[in-house]
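Here is a short report on side-chain interactions.

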Amino acid sequence: MGACATKVKQNDMGRKIEAKVMAAQGKEWFGIEALKGDLFIEARGKGKGAPIIVDKWTEDDNQLFQWDGDMLRCKVGGGKFVLEVADNGQLVLGEPNGAEANESWVWEGAEGGEDWGLLKNKKKEDHVLDVTGSRFRPGTRVLCYPQHGQKNQLWKFKFCDGDKKTKDKDEGVLDKAS
């Protein structure tokens, strides 16, 4: 691992946060923030196949997600779409069928990374969400890429309350573990 690489493991903090996440299943919407650039995952479109990019925080429905079992449901389109890995490795919105590992995710906290961690895909367990080419600029695509632990693969969750005002939860940063 290079100097920027982050060791990842599920620690006690991760297990405590996991319990809080499980209690919030299907109840709280959140944004998924990239480590740099004040950028968040966003669906660029409102239907099936919409590409996933990073963009500045707007708190619109296309930037809000919720755990539904091990799927990440997007609020856009009435919440009927989930984060899915296409055959080419690109992230898109898909229709959930409950049996596809390409729409199933696991959160793994980063050691010493405070609230940051990896979102790992269950279909390709060595693949994680990745800001393409470490380009932390609005409009950059997000894909599922082999894990290397660099900054472009680290994320945290920003929760929203009912008034669409965001709140960071130090102890409640969404942490999804297997």
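## Cysteines

Cys74 counts as buried, at 0% relative accessibility. Cys144 is buried too, with a relative accessible area of 7%. Buried means under 20% relative accessible area, exposed means over 50%, and partly exposed lies in between (1.4 Å probe, protein chains only).

## Basis of the model

This is a predicted model: local features need pLDDT of at least 70, side-chain atom pairs count only at pLDDT 80 or more, and totals for chains, interfaces and linings use all residues. Residues are numbered from 1 along each chain as its sequence is written, and side-chain values use heavy atoms, with hydrogens and water left out.

## Aromatic rings

Three aromatic pairs turn up in a search of the whole structure. The rings of Phe30 and Phe157 are edge-to-face, because their centres are 4.8 Å apart and their planes stand at 75 degrees. Phe30 lies in strand S1 (residues 30-34) and Phe157 in strand S12 (residues 155-160), so this pair ties together parts 127 residues apart in sequence. Both Phe30 and Phe157 are buried. Rings of Phe, Tyr and Trp (its six-membered ring) pair if their centres lie within 6.5 Å; planes under 30 degrees apart are stacked, over 60 edge-to-face, and the rest tilted. Strands are DSSP runs of E, at least two residues long, numbered from the N terminus.

Trp107 also forms an edge-to-face pair with Phe157: 4.8 Å centre to centre, 70 degrees between the planes. Trp107 sits in strand S8 (residues 105-109) and Phe157 in strand S12, so the pair ties together parts 50 residues apart in sequence. Trp107 is buried, and so is Phe157. Phe30, Trp107 and Phe157 make up one aromatic cluster.

## Salt bridges

The structure holds five salt bridges. Each is a side-chain nitrogen of Lys or Arg within 4 Å of a carboxyl oxygen of Asp or Glu. Glu42 bridges to Arg44, with the closest N and O atoms 3.4 Å apart. Glu42 is buried at 6% relative accessible area, whereas Arg44 is partly exposed at 43%. Glu42, Arg44 and Asp55 are linked in a network of salt bridges.

Arg73 and Asp68 meet in a salt bridge of 2.6 Å, N to O. Arg73 counts as buried at 16% relative accessibility; Asp68 counts as partly exposed at 30%. Lys120 forms a salt bridge with Glu108, the closest N and O atoms being 3.5 Å apart. This pair links distant parts of the chain: Lys120 is in strand S9 (residues 117-121) and Glu108 in strand S8, 12 residues apart. Lys120 and Glu108 are both buried.

Lys56 has its place in strand S3. Lys56 counts as partly exposed, at 41% relative accessibility. Its side chain reaches the backbone oxygen of Gly37 at 2.9 Å. Leaving aside neighbours within four places in sequence, Lys56 is in contact with residues including Gly37, Leu39, Glu42 and Pro138. Contact means heavy atoms within 4.5 Å.

Glu59 is found in the loop between strand S3 (52-56) and strand S4 (65-68). Glu59 counts as buried, at 10% relative accessibility. A polar contact of 3.5 Å joins the side chains of Glu59 and Trp57. A polar contact is a pair of N or O atoms within 3.5 Å; within protein, one must be able to donate a hydrogen and the other to accept it, and residues adjacent in sequence count only if both atoms are side-chain atoms.

Conventions
Helices (H or I, at least four residues) and strands (E, at least two) are DSSP runs, numbered from the N terminus.
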